[in-house]
Number of protein chains: 2
Amino acid sequence: MTSPIPKATVRRLPIYLRFLEECGPNTPTVGSEDIARATHGSAVQVRKDLSHVRCSGVRGVGYEVDELRQAIAKALGLGVTRRVALIGAGNLGTALAGYPGFPASGFRICSVYDKNPRRVGMVLNGMAVRHVSRLLQDAVGEPYEIGVIATPAAAAREVADLLVEARVGAILNFAGVTVQVPPEITVRNVDLATEFRILSYYLT
Amino acid sequence: MTSPIPKATVRRLPIYLRFLEECGPNTPTVGSEDIARATHGSAVQVRKDLSHVRCSGVRGVGYEVDELRQAIAKALGLGVTRRVALIGAGNLGTALAGYPGFPASGFRICSVYDKNPRRVGMVLNGMAVRHVSRLLQDAVGEPYEIGVIATPAAAAREVADLLVEARVGAILNFAGVTVQVPPEITVRNVDLATEFRILSYYLT
């Protein structure tokens, strides 16, 4: 086993990857400066981060885009399809269910759950919304690796407990409240108020 | 002027703030360990981050929740209402327009724009969706401080250019492609594929 990649680097690698995926066929190589400029970082940081993936740049030439893309994808454990359960079929859940970037990234939303009877049975992107009471039973047959919480804040903790019981490995939480899970489960919080507050600092 | 707060600290302060806001009246004080546990960080990091806000903890007691909350809010420049323009009135835009956390945080979505004639005129959370061609003109009268890009990827760059022209100070970009803006404008990218890819690393 290789040593773990630092958290902050893991956060930045997908951002570099996105930039590399946007490079057209006319850009066969990129320098750390190009990556830094496009991703609002520093070239020193980029080089340090990329030292954690198996791809060596050539001084004066840079990195081969294709090679670097594959190396980052490998380091992040991409390339296998991950089963995702989405909980919450409101506006945000609907946006997530139809997000075009997921199939290409190897993430497959397999099921959408809600507890609102008016939403259960509704079809989102080809999936019929199921009642959330079915989640555990569904996960026994075909486990979910990632759970996405797209419910109102008031329901988030209950849903997180359910996802822990369903043995997901990771949770993406859009609910805007902190959820507590065992340490072996990774949680990423996407909180809109937090994003705005970060921007606020730079407006002062 | 005080010296600028490091970027990574600015990113974490709103997360601490969210935790503090969730503390009830029965929690008048918190320790750095409490904050660290709730926000998946380390106590050393929390103390280091909080050294940038004007609030001193008391050894063995911790921080006064109310005082710390106010100190972080002040450091982030919160407490004034920020005018926000939202571009894109699809599912994501609809979710954002109705997000209950914004008024409380001091961010006010003043206008929603779209270029799809079927969406223009539609009412979202009390606001009639306007055609995006009106944005510049609207911004002359009442400038927007923050622009939110909630359009498909293909439209994002054009919208970013428009927001730059409208002189926003910051952009929150949900489109999943990088946008280039002058260095004085702060961009935060909320990219769902990126979030999933970060989680992927921890599933390997």
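Because the model is predicted, local features need pLDDT of at least 70 and side-chain atom pairs count only at pLDDT 80 or more, whereas totals for chains, interfaces and linings use all residues. Residues are numbered from 1 along each chain as its sequence is written, and chains are lettered from A and ligands numbered from 1 in the order in which they are written.

Chain A has 9 helices and 10 strands, taken as DSSP runs (H or I of at least four residues for helices, E of at least two for strands) and numbered from the N terminus. Its C-alpha atoms fill a box of roughly 60 × 45 × 35 Å along the principal axes. Of the contacts in chain A with a separation of 6 or more, 53% are accounted for by residues 24 or more positions apart; a contact requires C-beta atoms, placed from the backbone, to lie within 7 Å. The chain is divided into domain 1 (7-75) and domain 2 (82-194), with bounds from an automatic or database domain assignment. The centres of these two domains of chain A, taken over C-alpha atoms, are separated by 31 Å.

The same surface serves both, as 100% of the contact residues of chain A recur in chain B. In the interface, 53 residues of chain A are in contact with 54 residues of chain B. On the side of chain A that touches chain B, at least two residues each are supplied by α1 (7-22), α5 (91-97), α6 (101-105), β9 (170-173), β10 (186-189) and α9 (192-203) of chain A. The largest share of that side, 12 residues, comes from α9(A). Its residues divide into 29 nonpolar, 15 polar and 9 charged, where Ala, Val, Leu, Ile, Met, Phe, Trp, Tyr, Cys and Pro count as nonpolar, Asp, Glu, Lys and Arg as charged, and the others, Gly among them, as polar.

Within chain B, helices α2 (residues 32-39) and α3 (residues 43-50) pack at an angle of about 110°, with their axes 8 Å apart. Axes are lines fitted to C-alpha atoms, for helices over the stretch in contact, and angles run from 0 to 180 degrees between N-to-C directions. The helices α2(B) and α3(B) are therefore roughly perpendicular to each other (65 to 115 degrees; under 35 is roughly parallel, over 145 roughly antiparallel and the rest oblique). In this contact S32(B), E33(B), I35(B) and A36(B) of α2(B) meet A43(B), V46(B) and R47(B) of α3(B).

The buried residues of helix α8 (residues 153-165) of chain B are A156(B), V159(B), A160(B), L162(B) and L163(B). They pack against β3 (82-87), α7 (135-141), β8 (146-149) and β9 (170-173) of chain B. Just after α8(B), R167(B) takes a positive phi of about 65°. In the loop between α8 and β9 of chain B lies G169(B), which is partly exposed, with 19 other C-beta atoms within 10 Å. Not counting residues up to four places away in sequence, G169(B) touches L203(A), E145(B) and I185(B).

Notes. Two residues are in contact if their C-beta atoms, placed from the backbone, lie within 7 Å. A residue is buried if 20 or more other C-beta atoms lie within 10 Å of its own, exposed if 12 or fewer, and partly exposed in between; C-beta atoms are placed from the backbone.
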